Amino acid sequence: MILNAGQDVCQIDLRIEAMEFGCLDNGQDIGDALTALIRACKKPVLSANAERAHRPFGNVVVDFDTPIVDVNAQCRPSRQGISHCFSQLLFLRQSRKCLLDPDLQVSQNGTSVLLSQCLTLGGRHAANAIFDTVASYRDTFKLFLRFAHGKTGKAPSSLMLEDFDAELVIAFLDDLTAERRAGTTTYNLRLTAIRAFFRFLAFEEPAFSHQIQRVLAIPGKIGTKREVQFLVRDEIKALLAAPDRRLWIGRRDHCILLTAIQTGMRLSELVGLDRGAVTLDAGAHIRCFGKGRKERVTPLTKILSSALKKWLDEPRPAQSDILFPTVHGSRMSPDAVQYLLAKYVKQAAQQCPSLRAKRISPHVLRHSAAMELLDAGVDSTVISLWLGHESTRSTQAYLHAHLAIKEAALAKVSPLNEQPFRRFKANDKLLSFLDAL
């Protein structure tokens with residue numbers, strides 16, 4: 001049996017394959033078979049500075065700029081088929097023995113493979129992972145591994161599960177607050193990533209259940225909940241009038257702001273739109289994939305439908321299919337949208353001074369869309385569906401922020417008639433006798 005370039009090694013019997021290479025005896029196990037195949041077909045080249053923008057978390061970079069594992073590493077062109085074999089090598093374990101590199105043996109209960117397996121598979125296929133979630137977990141564990149290295153003196157790839165106890169996690173969270181001045185939201189975000197890893201360990205390493213439960217019992221912080229910020233009608237008009245629509249960029253920016261305000265899309269949904277997501281026929285609507293990869297269809301108002309129709313007739317840079325591209329035809333980044341919003345808020349504040357007192361982000365435009373619907377008398381459950389909320393509880397914040405609803409409730413209450421306070425006086429003889437005692 002010959003191993004051809006591009007062949008899927010993991011779909012055939014690895015033991016027979018290694019024997020065909022003449023580098024495996026019948027008595028050796030599957031781990032030895034994998035090792036033999038890797039060495040026979042030459043080691044894949046690991047990329048320490050792999051680009052992360054268009055792939056899930058496949059590279060955990062530690063303090064020494066050394067990749068713990070890169071499951072998406074590209075092999076030499078003559079041996080492309082072994083790349084898939086090397087990826088599977090990380091997750092096929094016999095007697096808790098795994099290989100990060102054909103020449104590197106990982107001891108039992110090593111955290112490198114477990115962390116890699118959690119972030120790439122998480123008990124499921126990597127395709128089910130949301131990129132933003134995986135990127136958040138990546139950043140958390142880069143910080144955590146550096147902190148653990150400083151505390152234990154061990155290299156991140158040499159850390160064992162015994163090192164990851166509740167005391168280390170608590171010390172890491174306290175360090176975030178003291179040294180990095182992390183707020184409550186960041187604190188809870190880092191703790192969420194660590195909890196996800198230890199929930200994964202509960203299935204993979206049940207022998208450490210006591211240690212895992214202690215980590216999972218670490219409570220999060222309760223922060224101050226502020227009322228949501230939103231724009232009133234005059235502020236919205238001033239913001240939409242700020243872009244210079246004589247220019248192509250001004251027309252694009254006006255359309256972006258109008259779409260965000262009237263559909264209530266998240267920033268990630270807005271920059272991810274393509275031209276095919278817009279339908280301008282009868283029942284005009286726009287289709288997007290929101291949080292949790294849930295598809296959502298939002299109807300368009302006549303004003304927005306007319307604006308999008310004119311925008312779609314504009315010349316496209318580099319024949320891009322992106323709905324709101326850059327001048328080079330590429331997709332806009334979230335930072336670019338935040339920059340242009342800040343620019344137009346500053347311009348609009350000259351006409352509407354109340355904007356200066358508000359901290360406006362793209363998410364504030366989403367809040368403004370919800371408040372406009374609430375002002376129009378739309379039920380909160382419909383608003384929850386419109387915004388793509390998982391639960392109607394997320395919509396309750398808009399009810400708290402809507403002062404007119406509270407004022408309308410107060411108007412229904414009858415005013416209290418003020419009467420002078422009178423002390424009770426007993427008129428019964430027995431009670432009078434008792435009072436006199």
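**Group meeting talk: loops, cores and salt bridges**

Okay, let's start with glutamine 319, which is exposed, with a relative accessible area of 57%. "Exposed" here means over 50% relative accessible area, "buried" means under 20%, and "partly exposed" is what lies in between, with a 1.4 Å probe and protein chains only. Before I go on, some housekeeping: this is a predicted model, where local features need pLDDT of at least 70 and side-chain atom pairs count only at pLDDT 80 or more, while totals for chains, interfaces and linings use all residues. Residues are numbered from 1 along each chain as its sequence is written, and side-chain values use heavy atoms, with hydrogens and water left out.

Back to glutamine 319. Its phi is near 50 degrees, a positive value in a residue other than glycine. Why point that out? Because most residues other than glycine have a negative phi. Glutamine 319 sits in the loop between H12 and H13; helices (H or I, at least four residues) and strands (E, at least two) are DSSP runs, numbered from the N terminus. Arginine 181 also has a positive phi, near 55 degrees. You'll find arginine 181 in the loop between H6 and helix H7, residues 184–204, and at 74% relative accessibility it counts as exposed.

Now the overall picture. The chain has 18 helices and 7 strands. Of its 437 residues, 43% count as buried.

The largest one has 44 residues, and the members touching the most others are Leu231, Leu239, Leu257, Leu273, Leu323, Phe324 and Leu365. Elements giving two or more residues to this core include helix H9 (233–240), helix H10 (248–263), strand S6 (285–289) and helix H14 (362–375). Which element gives the largest share of this core? That's H10, with 7 residues.

Setting aside neighbours within four places in sequence, glutamine 211 is in contact with Leu161, Glu162, Phe164 and Asp165.

On to charges. A salt bridge is a side-chain nitrogen of Lys or Arg within 4 Å of a carboxyl oxygen of Asp or Glu, and by that rule we count 15 of them. Take glutamate 167 and arginine 214, whose closest N and O atoms are 2.7 Å apart. Glutamate 167 is in helix H6 (residues 166–178) and arginine 214 in helix H8, so the pair ties together parts that are 47 residues apart in sequence. Both ends are partly exposed: glutamate 167 at 42%, arginine 214 at 41%.

Are arginine 252 and aspartate 253 buried or exposed? Both are buried, and they form a salt bridge with closest N and O atoms 2.9 Å apart. Arginine 246 and aspartate 244 are bridged too, also at 2.9 Å, but there arginine 246 is exposed at 73% and aspartate 244 partly exposed at 28%. And Arg266, Glu269 and Arg296 are linked in a salt-bridge network.

Last stop, the surface. Leu430, Leu431, Phe433, Leu434 and Leu437 make a nonpolar patch of about 550 Å². Patches are made of residues with over 30% relative accessible area and no salt bridge, joining like charges within 9 Å and nonpolar side chains (Val, Leu, Ile, Met, Phe, Trp, Tyr) within 5 Å. Leucine 431 lies in helix H18, residues 429–436, and is partly exposed at 40%. That's all from me.

Methods
Areas by Shrake-Rupley, 256 points an atom, 1.4 Å probe, with all protein chains shown as cover. Core = buried A, V, L, I, M, F, W, Y, C linked by side-chain atoms within 4.5 Å. Contact = heavy atoms within 4.5 Å.
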